[in-house]
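Take a look at the sequence and the structure below. The paragraphs after them go from one part to the next.

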Amino acid sequence: MKRMIAKRKLKRSCECCNRGFAKGDVFYHERKVWTFFDGKNDVVMGSDHTKCPRCHYKEQESAKRYSVFRENCQHDKREFIEEVWDYIPGEAVMEPQYDVCRLCGKEFW
């Protein structure tokens with residue numbers, strides 16, 4: 001996301017906490033644009049993401065803490081382990097393939 005300073009009062013607000021931006025306030029802005037072909041025409045779509053510094057910081061810190069947690073996940077409680085099922089090749093029957101921890105995403109074969 002790009003760090004910007006409001007040159008005037010903005011009509012947009014933070015997408016997390018709905019805080020408005022006055023002249024001189026710092027905010028983070030990102031625009032994503034997608035193009036795809038729908039069969040007849042090329043379609044262009046875009047979306048804007050605006051965040052205040054507080055929400056932007058909280059998101060970054062949360063990502064850092066989660067990456068540290070994923071390395072130290074103990075997988076102790078069975079309630080967070082999920083069994084993944086998949087089809088047997090050539091048949092219409094499913095069988096269990098592996099277990100996965102829903103907290104950190106680690107797979108157990």
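**A guided walk through the model**

Asn18 sits in the loop between strand 2 (10-13) and strand 3 (20-21). Strands and helices here are DSSP runs, numbered from the N terminus: E of at least two residues for strands, H or I of at least four for helices. This is a predicted model, in which local features need pLDDT of at least 70, side-chain atom pairs count only at pLDDT 80 or more, and totals for chains, interfaces and linings use all residues. Residues are numbered from 1 along each chain as its sequence is written, and side-chain values use heavy atoms, with hydrogens and water left out.

Stay with Asn18 for a moment. Its phi is near 65°, a positive value in a residue other than glycine. Most residues other than glycine have a negative phi. Asn18 counts as exposed, at 60% relative accessibility. The scale is simple: buried means under 20% relative accessible area, exposed means over 50%, and partly exposed lies in between (1.4 Å probe, protein chains only).

Three strands form an open sheet in the order 1-4-5, with antiparallel pairing. Two strands pair if DSSP finds at least two bridges between them. Which strands stand at the edges? They are strand 1 (2-5) and strand 5 (42-51). Each has a single partner strand, so one side of each is left without a neighbour in the sheet. Neighbouring strands of this sheet are turned by 35° against each other on average, direction ignored. That angle is taken between axes, which are lines fitted to C-alpha atoms (for helices over the stretch in contact); angles run from 0 to 180 degrees between N-to-C directions. Strand 4 (residues 26-37) and strand 5 run antiparallel and are joined by ten bridges.

Next come the aromatic rings. Two aromatic pairs turn up in a search of the whole structure. How are the rings of Phe21 and Phe27 placed? Their centres are 5.3 Å apart and their planes at 35°, so the pair is tilted. Rings of Phe, Tyr and Trp (its six-membered ring) pair if their centres lie within 6.5 Å; planes under 30 degrees apart count as stacked, over 60 as edge-to-face, and the rest as tilted. Phe21 and Phe27 are both buried.

Charged side chains are the next stop. The whole structure holds five salt bridges. A salt bridge is a side-chain nitrogen of Lys or Arg within 4 Å of a carboxyl oxygen of Asp or Glu. One of them joins Asp25 and Arg19, at 3.8 Å from N to O. Asp25 is partly exposed at 22% relative accessibility, and Arg19 is partly exposed at 36%.

Another salt bridge links Lys64 and Glu61, with the closest N and O atoms 3.5 Å apart. Lys64 and Glu61 are three residues apart in helix 1 (residues 53-72), so about one helical turn separates them. Glu61 is partly exposed, at 23% relative accessibility.

A further salt bridge brings together the side chains of Glu82 and Arg102 (3.8 Å, N to O). This pair links distant parts of the chain, 20 residues apart: Glu82 is in strand 6 (residues 81-87), while Arg102 is in the loop between strand 7 (94-101) and strand 8 (107-108). Glu82 is partly exposed, with a relative accessible area of 37%. Arg102 is exposed, with 51%.

Ile81 has Cys101 in strand 7 as its bridge partner.

Tyr98 also lies in strand 7. Its relative accessible area is 22%, so Tyr98 is partly exposed. Leaving aside residues up to four places away in sequence, Tyr98 touches Glu82, Glu83, Val84, Glu107, Phe108 and Trp109. Contact here means heavy atoms within 4.5 Å. The C-alpha atoms of Tyr98 and Met45 are separated by 38 Å, and the two residues are 53 apart along the chain.

How many disulfides does a search of the whole structure find? It finds zero. A disulfide is a pair of cysteine sulfur atoms within 2.5 Å. For Cys55, the nearest cysteine sulfur is that of Cys52, 3.5 Å away. Cys55 is buried, at 11% relative accessibility. The sulfur of Cys101 is 3.8 Å from the closest cysteine sulfur, in Cys104, which is too far for a bond. Cys101 is buried, with a relative accessible area of 2%.
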